[in-house]
Amino acid sequence: MNIKKKLLVRLLLFVSWFFLFFYSFLTNDLKNKEINQWNIIFVLDVSNSMNVQDVFYNHHQVSRLELAKQIIVNNVQNKDLKFWLIVFSNKFKYFIPPTLDKKIFLTYLKTVNTNILDWWKTNFIKSLNWLSKVLNPTDVLVILSDFDTKENLNKINIKNYTYSIKIWTKQWWLVKDKEWVSMYRDWEFIKSNVWNKFIWNKVYSYTSYEEWEILPFLKNFKNQNLIKSKEKNNILEILWFVFIIIAF
């Protein structure tokens, strides 16, 4: 290889290194800015099947919704993190914006019931895909639901790390409204049926819960979105380091 070719190869390697270095620097800078924006977002199902009383909190039989709310209460009270609450049924609705104020968060959480949104249809795919438009790349989702839907939940396109909390024990139990009156459709009782055919990042099932418990992934919380981003940046850094060695 003559001198001109060697110089050309070195130049190409140097240019490649420069762009990788610049891209790595830029993405690192953006990620550092995003770190200050991340939240843990509780996404709570408020469809009427969540009124089914087939689960337990402190050994007392309660509704699925009540257990879900108590799980949220326990974790908000015991962790100093930035939380956000969104409720959904036929659509999603912002309920409590990102906050570190536990008192305000828990006060509003108490008012959550199945009358907040239309009860007649739980639209997981549409609701959660719309949610993806307002998330920060570093936000972490915690979805609490009985997953009483026939939808193919693998069609939900959320890139953020997601924990799923399944809350139910019995199939075909009567569904009741907020006032605990059994509900009808076409002159027949509405019954809860659970369809759990999906795979998300982490799935936990709860049929009972104690007031001292904390969700296992929140005990020593590590933001999986940040870990993934760091791994990608490490690869870029290795590549530009290799290029600079070869170039010189």
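In this predicted model, an open sheet of six strands has the order 5-4-1-6-7-10, and its pairing is mixed. Strands (E, at least two residues) and helices (H or I, at least four) are DSSP runs numbered from the N terminus, and two strands pair if DSSP finds at least two bridges between them. Strand 5 (92–99) and strand 10 (202–206) stand at the edges with a single partner strand each, so one side of each has no neighbour in the sheet. From one strand to the next, the twist averages 15 degrees; such angles run from 0 to 180 degrees between N-to-C directions, with axes fitted as lines to C-alpha atoms, for helices over the stretch in contact.

Tyr163 stands opposite Lys202 in strand 10.

Helix 2 (residues 64–78) lies across strand 1 (40–45), strand 4 (83–88), strand 6 (140–145), strand 7 and strand 10, and runs at about 165 degrees to strand 1.

The protein chain as a whole holds six helices and eleven strands. Of its 248 residues, 45% are buried, that is, under 20% relative accessible area with a 1.4 Å probe, protein chains only. Among contacts (heavy atoms within 4.5 Å) with a separation of 6 or more, 71% are between residues 24 or more positions apart.

Residues are numbered from 1 along each chain as its sequence is written. Local features need pLDDT of at least 70, side-chain atom pairs count only at pLDDT 80 or more, totals for chains, interfaces and linings use all residues, and side-chain values use heavy atoms, leaving out hydrogens and water.

Key: Buried < 20%, exposed > 50% of the residue type's maximum accessible area, 1.4 Å probe, protein only.
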